[in-house]
Structure formats: C-alpha cells, structure tokens
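Please prepare a short briefing on the local backbone features and layout of this model. Group the points by topic.

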Amino acid sequence: MEFGEFCDRLIENTDIVKLISRYCSLKRSGNTFKACCPFHSERTPSFTVDPIKQLYHCFGCGKGGNAITFLRDIESIETIDAIKMLADEAHMELPELTGRSAPKADKQKRMRLYELLREAALHYHENLRSPKADIANAYIAKRNLPPNIVTRFGLGYSIDSSDAVNYLKGKGFTETEMKEAGLVGYNEYGYFDLFRGRLMFPIISNLGQVVGFSGRVLEKTDRAKYYNTPQTELFDKSRTVYALNLLKKRRQLGMIDYIIMCEGQMDVIALHKAGFDTAVASMGTALTYNHARQIKNYTDKVYISYDGDGAGQKATLRGLDILRERGLTVKVVQLPEGMDPDEVVNSENGVEKYRKLLDEALPLTEYKLKKLREKYNLEDRDERAKYAAEAVALTRRLDNPVETEEYLRTIATETGYDMNVLRRQAEIAPPDEEPKQEKREEEQKKESMDKNEAFLLAAYIADREYVEVGDMNEIFTEGFGKLVVDSVTDSRMRGLKDVGAMLYSDLPEEFQQQLTDIVGFDFGGMDSREMYSACVLQLKCERLDRQRDELMKRYDESKDPSLLIQSMELQKKLKKLRRDGGSK
Ligand SMILES: [Zn+2]
C-alpha cells in the first residue's frame with residue numbers, strides 16, 4: 001500500500017470525535033460537535049468537529065485538519081509519531097518504506113531504552129534518601145526546594161561512577177543499552193556513569209517518557225556546570241523543551257494564557273515554586289521552529305526570561321524572531337542587572353517583583369529598539385541618522401500598520417526626524433530586508449559557532465590522530481569552517497609544518513578573531529576519540545534535522561504528501577546514523 005493511501009485509510013479508521021474528546025469536552029450541535037478550542041484560549045466555543053468529513057476546525061485561531069494533525073499538534077510530536085500512535089490504536093500495520101527496515105524490533109528497542117531511563121530516574125530519585133546524598137540534599141536545602149517540588153521535577157542524585165550502572169545491571173539492562181540511552185561512557189576502567197556526582201534533572205517528553213537527563217555539578221570542579229544527555233535515538237535538545245510535560249498537565253486545569261521561557265532548569269523550578277507554573281526552558285540551544293511549534297500548541301504568548309543580557313545576543317534575537325514568525329507574541333522580561341529569575345523570586349517580595357517584571361516586559365520590537373538605542377549616541381548627528389535608519393528597518397518586520405505608526409512616532413520623537421521622512425524611509429527600505437529562514441539559520445551558525453564545531457576544527461588544526469578528513473569535509477560545507485578545513489588540508493598536502501601561520505595568511509580579515517578562538521581552543525575534557533565521534537554524530541544529525549524541519553514546514557504550508565515522505569526518509573537516515581554512530 002502506498003503511504004498516502006495508508007494515511008487516508010488510517011484517518012477513515014480513526015474515530016475523530018473519540019480522539020478529540022480526550023482533550024476537550026465536545027457537545028453535539030446539529031451534525032457537528034463543538035467545544036472551547038484546545039489550542040487557544042477562549043470562552044465561547046468556536047472549535048468544531050465534523051464526524052462525517054472526519055475534520056476539525058477552529059474559527060477562532062484557524063487551526064484545522066484531520067486526526068493525524070490533531071494528535072501531532074496537541075501532543076507536540078512529529079507527524080510520523082502521530083501516525084504511528086493512531087496506527088497502533090487502529091491495529092494497522094505501518095507500510096514499510098524501504099525493504100530492509102524492521103519497525104517492530106526498532107520499537108521494542110526504543111521501549112527498552114525508555115524503560116531503562118525510567119528505572120534510572122527512579123533510582124537517582126531514591127538515592128536522595130541515602131546518607132551518601134548529603135551533598136545533594138544540602139544543595140536542595142540551600143535552594144529552598146520543598147519536597148513536593150523535588151518530587152514534581154523528579155530530582156535525583158548520581159552517587160558515583162558505578163552505582164547506577166550496577167543498579168541497572170541488576171534490573172537486567174546491558175551496558176550497551178545504557179550507552180545507547182546516553183547514560184554511560186567507557187574508559188580504561190570500564191563503563192562509568194556520565195553524570196557521576198551530579199544533581200539529576202530528568203527530561204520528560206510530552207508523552208511522559210524520560211528521554212534524558214541534565215545533571216548539575218555540586219562540588220567545585222573544572223567540569224561543566226551542567227551536563228546534558230548527548231544526542232541519542234530518544235533525546236534531541238533542538239526539539240526538547242524542558243518541563244513541557246508539566247504544561248500538558250497544567251492545561252487540563254484551564255487555559256494557559258502565556259508561557260515563560262527561561263534559560264535553565266533551576267529557573268524553571270524556582271518559578272514553579274513561586275507559582276509561575278507555566279515556566280519552561282530550552283536546553284541551552286537557540287530556539288528552533290520545532291520549539292516554536294511545540295509552544296504554539298499551548299499558547300500564543302511567550303515571555304522570554306533570560307539572565308541579564310541573555311536575550312540581547314544576536315543568536316538569541318534570531319530565535320525570538322522564529323517564535324514571532326510562527327505567530328507567537330513575544331515579550332522580553334528585563335531582569336535586574338546580573339540576576340537570573342531564580343534569584344529574583346527568591347529575594348524579598350520576590351513573587352510580586354517578578355510579576356511586576358512580567359507586566360513591564362517589552363514587546364520584541366520595542367526591546368530591539370532599546371538595544372539599538374544603547375548602541376548609539378543620539379546626541380551625535382551622524383549616529384542619530386544611523387540609528388534612525390536601523391530603527392525604521394526594524395519596524396518593517398511588523399505586520400500591523402497601527403503598531404508600525406506608533407513605533408515610527410517614537411523614533412521621530414527620539415531623533416527629531418519628520419514622521420513623513422521616516423514613513424518614506426520605511427517604504428523604500430529594501431524588500432528583502434528580512435532574510436529567509438534557511439539563510440538566517442546559516443548565519444546564526446556562523447556567528448555562534450558551537451562548541452562541537454570549534455572542537456572539531458581545533459582538533460583538525462592540532463592534527464589529532466582521531467580526526468577523519470572525510471568527516472571534516474562532510475560537516476563543514478561553507479563559510480568559516482570550510483575555509484579552515486580547506487586551508488589545513490592544503491597545507492598538510494604541501495607538507496607545511498606551521499599550519500596555524502598558514503591559516504592566518506589564508507583567511508580573510510573578518511575571520512581572524514574566530515580563528516584566534518579556535519587556535520586557542522581549550523580542549524579540557526574533550527580531547528578524545530570518543531568525544532570526537534560524539535561530536536561528529538551530533539553535527540551530522542543536526543544537519544539532517546534542519547533539512548527535516550524545513551521539509552515539515554513546507555509540508556505544513558502545502559500539505560503535499562511527497563514532502564512528508566521525504567521527511568520520513570530523512571528521519572530514517574537520522575535513525576540509522578544514530579544507531580550506527582558517527583563514523584562509518
Ligand atoms: Zn482555536
């Protein structure tokens with residue numbers, strides 16, 4: 001059976017009324033059913049389900065579709081996973097896309113890994129009762145976390161290198177499985193718990209499954225403060241929003257007016273404790289379309305509550321634009337200098353203080369204007385002109401003319417320019433002012449070269465024996481990374497000793513600073529074949545992922561099933577890559 005045909009049949013075989021009534025209470029109204037929309041906040045029902053056409057539509061927010069899209073959006077999962085879940089319920093066998101895959105074995109393996117991670121989370125949590133966990137309990141006490149919060153977030157403690165490994169072995173899991181779940185590493189002494197000595201925060205999917213962990217150091221050490229599960233078959237931070245599982249429960253209590261997006265787990269926990277129970281966090285990556293889509297399923301309004309100047313970073317601002325492009329209203333919370341949300345709510349009258357900060361949060365454009373203003377001296381005529389030009393360009397991204405007028409008026413007051421001049425300027429600003437998404441993600445990558453990429457380039461320059469030239473060429477396909485790789489390869493082929501000096505003379509001036517950062521890269525604990533393979537795997541997966549995101553976005557717009565199939569093929573590739581590891 002063709003895949004498209006299969007989906008049609010699946011939709012036919014699914015009782016859409018039964019499916020949707022698990023999420024909201026449907027009332028019959030003539031030939032259709034009505035409810036308050038589960039996707040947006042409303043008091044009078046504008047969400048309609050047509051049991052004959054097997055479709056739903058909301059006249060309030062415009063969401064609509066079939067059983068597959070409904071399940072996908074309400075659970076914030078991938079289309080293919082929604083299809084799998086519905087197929088399971090309808091007892092239908094998913095058609096094989098390529099001959100050699102074994103979906104059943106795959107599924108069984110995933111179930112094993114979920115089970116393993118669940119057991120691990122329970123064990124770490126149980127560890128808090130052990131006298132060996134004094135240091136973790138001291139930290140919990142210092143942060144003033146009451147038992148109900150510790151339980152709600154499932155906090156735990158990894159005692160040492162072998163405790164959890166032995167426990168899981170006793171439960172019948174193999175070390176290979178533990179490695180696949182991203183829990184253990186391997187060195188000359190054998191398998192060891194990657195999170196040893198850390199306070200554990202389980203990361204839980206929308207469906208309530210533990211998919212990974214984030215661990216915080218408790219002692220002074222040169223190890224990173226937070227360590228996250230590496231990319232695995234189950235865990236992918238570019239698609240993970242921490243505490244989203246709690247949001248799902250929260251929605252059952254009533255509409256979610258807004259969510260608060262923080263930087264770290266401790267911020268989320270502190271805010272929940274203070275009563276802000278819609279706080280979530282991204283897992284230390286720039287926000288992606290996938291994040292935006294998941295958030296959009298709960299609410300239309302997001303407060304960004306990053307530390308100090310966190311939201312002002314160029315890469316972060318782009319992430320905020322992505323949220324806005326997905327139709328979310330974005331406001332930026334301005335925390336007092338040097339404080340994070342955790343510190344604010346824990347200070348005197350912290351809850352009121354934080355509520356006030358939410359009230360005073362700036363709309364995204366206003367926030368950007370403010371940042372821009374800080375860059376220029378408006379007393380100076382030339383700088384004032386530059387400010388006006390850039391500020392006007394910002395307003396072009398608004399799609400509401402009233403709002404645009406208001407911003408232009410602000411700019412006019414600040415700069416003394418005539419409103420008509422600014423309006424004309426706004427009209428003649430180049431139409432391609434807003435770069436395309438793909439382009440912007442590329443730029444974003446270039447500016448904030450991530451640590452993995454920096455490590456690979458540094459290792460290549462330093463001629464580490466574990467580096468494979470093939471990987472380098474595959475990963476660095478443009479920009480700075482490609483220039484470095486090409487230049488190093490070239491120097492090596494010519495037998496040059498001092499590759500660094502060659503690089504400096506090869507690379508254009510604009511890249512010199514970046515190059516200096518790479519040449520001076522601090523390998524720390526990363527300098528190993530194992531880390532290398534993990535990084536290569538991660539970067540290859542990230543690239544495939546971006547392609548898949550793009551396909552899904554196009555599918556959302558055009559509903560062209562061939563895009564869905566292409567995306568599934570990519571998903572297969574990704575899975576295979578994750579199973580077989582980074583190098584061939
Ligand atoms: Zn709606």
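Gln 54 sits in the loop between strand 3 (47-50) and strand 4 (55-58), where helices (H or I, at least four residues) and strands (E, at least two) are DSSP runs numbered from the N terminus. This is a predicted model, in which local features need pLDDT of at least 70 and side-chain atom pairs count only at pLDDT 80 or more, while totals for chains, interfaces and linings use all residues. Residues are numbered from 1 along each chain as its sequence is written.

- Strand 3 and strand 4 pair in the antiparallel sense over 4 bridges; two strands pair if DSSP finds at least two bridges between them.
- Asp 50 stands opposite Leu 55 of strand 4.
- The hairpin of strand 3 and strand 4 has 4 residues between the strands, and within this hairpin Gln 54 takes a positive phi near 60°.
- Gln 54 is partly exposed, with 17 other C-beta atoms within 10 Å; a residue is buried if 20 or more other C-beta atoms lie within 10 Å of its own, exposed if 12 or fewer, and partly exposed in between, with C-beta atoms placed from the backbone.
- Strand 4 also pairs with strand 5 (residues 64-65) in the antiparallel sense, over 2 bridges.
- The bridge partner of Tyr 56 in strand 5 is Gly 65.
- The hairpin of strand 4 and strand 5 has 5 residues between the strands, and here Gly 62 has a positive phi near 85°.

**Loop between helix 6 and helix 7**

- Asn 144 lies in the loop between helix 6 (134-142) and helix 7 (147-152).
- Although Asn 144 is not a glycine, its phi is positive, at about 60°.
- Asn 144 is exposed, with 10 other C-beta atoms within 10 Å.

**Helix 23**

- Helix 23 (residues 479-493) has 15 residues, which at 1.5 Å a residue should span 21 Å, and its end C-alpha atoms are 21 Å apart, in agreement; the expected span is 1.5 Å times one less than the number of residues.
- The buried residues of helix 23 are Phe 480, Gly 481, Val 484, Val 485 and Val 488.
- Seen down the axis of helix 23, these buried residues fall within an arc of 130°, so they line one face of the helix; the arc is that of the directions from the helix axis to the C-beta atoms.
- Gly 495, which follows helix 23, has a positive phi near 75°.

**Domains**

- The domain assignment gives domain 1 (3-89), domain 2 (104-235), domain 3 (241-363), domain 4 (376-434) and domain 5 (439-580); domain bounds come from an automatic or database domain assignment.
- The C-alpha centres of domain 4 and domain 5 are 38 Å apart.
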